[in-house]
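Trainee: I have a new model open and would like to learn how to read it. Could you walk me through it, feature by feature?

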Amino acid sequence: IALYQASPLPTGLADFMAISQVTSPDDIFEMQPRQSHMPLITAGQTSVFAETDAIPGLLVQPSFNPREQAVFSRDLQEQLQSFGLKRANTAAKIELRILNPQVANHRIEFEVDTESPTLALIARSHYPAWKLRVDGQRVPLLRANHNFMAVPITDPGRHRITLVYEDNQFLTGLAISGLTLL
């Protein structure tokens with residue numbers, strides 16, 4: 001909601017969300033390109049912690065720079081540190097690369113090559129039906145920048161990240177509906 005209430009368009013949040021086109025102010029049927037948009041998957045940002053209610057307001061501030069920072073609720077601070085992501089709280093830059101991104105409706109796959117623990121951010125809505133695996137192992141999917149996905153990368157090196165959307169409640173409902181129909 002904060003994005004739609006903000007005027008003008010908050011550049012930092014729009015960049016993070018990979019918004020590459022906006023409606024022209026003169027003609028609602030014409031689109032204008034945005035050159036500063038970021039890719040859908042990024043990594044290496046410094047972790048910033050805030051109260052959950054304050055995060056939407058921080059994201060629409062002109063000072064929000066998604067290339068440099070990712071905003072997390074304070075209750076995730078200990079969890080991030082337990083993953084060995086202490087360095088994510090410093091301004092030190094780390095060398096990393098996002099490789100071979102493949103994005104589909106129900107699946108996101110990519111590789112991260114990093115010299116130290118980091119977080120990969122995905123500009124897609126966080127939802128419990130997304131199941132995360134890092135190198136085939138289940139890992140908790142974190143919430144960053146209010147309602148987007150963050151993947152903890154706890155070890156240096158190259159890692160395969162796979163997110164699959166598995167909505168078991170929907171499938172259960174579908175099965176019940178099918179049985180009822182029969």
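**Reading the fold**

Mentor: Happy to! The chain contains five helices and 13 strands, where helices (H or I, at least four residues) and strands (E, at least two) are DSSP runs numbered from the N terminus. This is a predicted model, in which local features need pLDDT of at least 70 and side-chain atom pairs count only at pLDDT 80 or more, while totals for chains, interfaces and linings use all residues. Residues are numbered from 1 along each chain as its sequence is written, and side-chain values use heavy atoms, with hydrogens and water left out.

Trainee: What are the overall dimensions of the C-alpha trace along its principal axes?

Mentor: The C-alpha trace spans about 55 × 50 × 35 Å along those axes. Of the 182 residues, 38% count as buried; buried means under 20% relative accessible area, exposed over 50%, and partly exposed in between, using a 1.4 Å probe and protein chains only. For contacts (heavy atoms within 4.5 Å), look at the sequence separation: among those with a separation of 6 or more, 58% are between residues 24 or more positions apart.

Trainee: Now the sheets. How do I read a strand order, and what is the order in the sheet of five strands?

Mentor: Start with the general idea: strands of a sheet pair through backbone hydrogen bonds, either parallel or antiparallel. Here two strands pair if DSSP finds at least two bridges between them. The open sheet of five strands runs E6-E7-E13-E9-E10, with antiparallel pairing. E6 and strand E10 (137–138) are at the edges with a single partner strand each, so one side of each has no neighbour in the sheet.

Trainee: Which residues can I click on to see those pairings?

Mentor: E6 and E7 pair over six bridges in the antiparallel sense, and a hairpin of three residues joins them. Moving on, E7 and E13 run antiparallel and are joined by eight bridges; there, Phe110 has Ile161 in E13 as its bridge partner. Strand E9 (residues 130–134) and strand E13 (residues 157–165) are an antiparallel pair with five bridges, and Trp130 has Tyr165 of E13 as its partner.

Trainee: Is strand E7 largely enclosed or open to the outside?

Mentor: Strand E7 (residues 107–114) has six of its eight residues buried, so the rest of the structure largely encloses it.

Trainee: What about the sheet of four strands?

Mentor: That open sheet has the order E3-E8-E12-E11, with antiparallel pairing. Its edge strands are E3 and strand E11 (142–144), each pairing on one side only. From one strand to the next the twist averages 35°, taken between axes that are lines fitted to C-alpha atoms, for helices over the stretch in contact, with angles running from 0 to 180 degrees between N-to-C directions. Within this sheet, strand E8 (residues 118–125) and strand E12 (residues 148–153) are antiparallel and joined by six bridges, with Leu121 opposite Ala150 in E12.

Trainee: Where would I find a parallel pair?

Mentor: Look at E4 and strand E5 (residues 69–73), which run parallel and are joined by five bridges. Ala50 has Ser73 in E5 as its bridge partner. Strand E4 (residues 46–50) has four of its five residues buried, so it too is largely enclosed by the rest of the structure.
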